[in-house]
Amino acid sequence: MGIHIEKVDLPGIGVRHDLVTERGRRISVVSHRDGERDLGIFDVDDPDACRDSIPLNDDEAAALADVLGASVMLSRLTSLSDETAGLYTEQIALPTDSPYLNRTLGATKARTRTHASIVAIVRDGAIIPSPTPAEPLRAGDVIVGVGTREGLDGVARLLSNGPG
């Protein structure tokens, strides 16, 4: 079936975008002319009846987009590695005693030392895609790397032990 999105103009209110899922469920986002927005959840038995409407402020909408975006990006990275022989994606928790804790990603020289790339950092449930070398590494970070098995093992060792 694929993804189906409908746009409905709401005169005097704004615009509603409806997403119909593969299973036939309907979710909508109403963007009001004054900048407010509502997330609408439609009834399973009556797809034309909105069961619940949740107002979202800018920060809430951005947080929801970040959570969904992070989930989709990690899923796509995982499927990419499944389709490409010899290329792996791995999530590596930054050890609490890492010599790189509170230092920049660039200080690791991970790509030069391991030939694996760090493509994202997951921090506090949000994703930092394509982090720059200036991005600081913090306690609780999960590093998302792409590379060969040997390269990713090298990144894990590097983050644990330093360049040894």
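Leu-10 has Gly-14, a residue of β2, as its bridge partner. The model is predicted, with local features requiring a pLDDT of at least 70 and side-chain atom pairs counting only at pLDDT 80 or more, while totals for chains, interfaces and linings use all residues. Residues are numbered from 1 along each chain as its sequence is written, and side-chain values rest on heavy atoms, with hydrogens and water left out. Strand β2 covers residues 14-20 and pairs with β1 in the antiparallel sense over seven bridges, where pairing requires that DSSP finds at least two bridges between the two strands. Strands are DSSP runs of E with at least two residues and helices are runs of H or I with at least four, both numbered from the N terminus.

**The five-stranded open sheet.** Strands β1-β2-β3-β4-β5 form, in this order, an open sheet with antiparallel pairing. Because β1 and β5 (50-56) stand at the edges with a single partner strand each, one side of each is left without a neighbour in the sheet. Neighbouring strands of this sheet are turned by 20 degrees against each other on average, direction ignored; axes are lines fitted to C-alpha atoms, for helices over the stretch in contact, and angles run from 0 to 180 degrees between N-to-C directions.

**His-4 in strand β1.** His-4 belongs to strand β1, which spans residues 4-10, and His-4 counts as partly exposed because its relative accessibility is 38%. On this scale buried means under 20% relative accessible area and exposed over 50%, with partly exposed in between (1.4 Å probe, protein chains only). When residues up to four places away in sequence are not counted, His-4 touches Asp-18, Leu-19 and Val-20, contact being defined as heavy atoms within 4.5 Å. Between the C-alpha atoms of His-4 and Glu-22, which are 18 residues apart along the chain, the separation is 8.4 Å.

**Ser-28 in strand β3.** Ser-28 lies in strand β3, residues 26-32, and counts as buried because its relative accessibility is 2%. With neighbours within four places in sequence left aside, Ser-28 is in contact with Arg-16, His-17 and Asp-18, as well as with Asp-38, Leu-39, Gly-40 and Phe-42.

Four strands, in the order β6-β9-β7-β8, make up an open sheet in which the pairing is antiparallel. Its edge strands, β6 (88-93) and β8 (126-129), each pair on one side only. Neighbouring strands here are turned by 25 degrees against each other on average, direction ignored. Strand β9 (residues 142-147) pairs with β6 in the antiparallel sense over six bridges, and Ile-143 in β9 stands opposite Ile-92. Helix α3 (residues 149-161) packs on this sheet and touches β6 and β9, its direction making about 10 degrees with that of β6.

**Arg-149 over the ring of Tyr-88.** The charged end of Arg-149 sits over the ring of Tyr-88, at 5.6 Å from the ring centre; the criterion is that NZ of Lys or CZ of Arg is within 6 Å of the ring centre and within 35 degrees of the ring normal.

**The whole protein chain, for orientation.** The secondary structure comes to three helices and nine strands, and buried residues make up 30% of the 164 residues. Of the contacts with a separation of 6 or more, 42% involve residues 24 or more positions apart.
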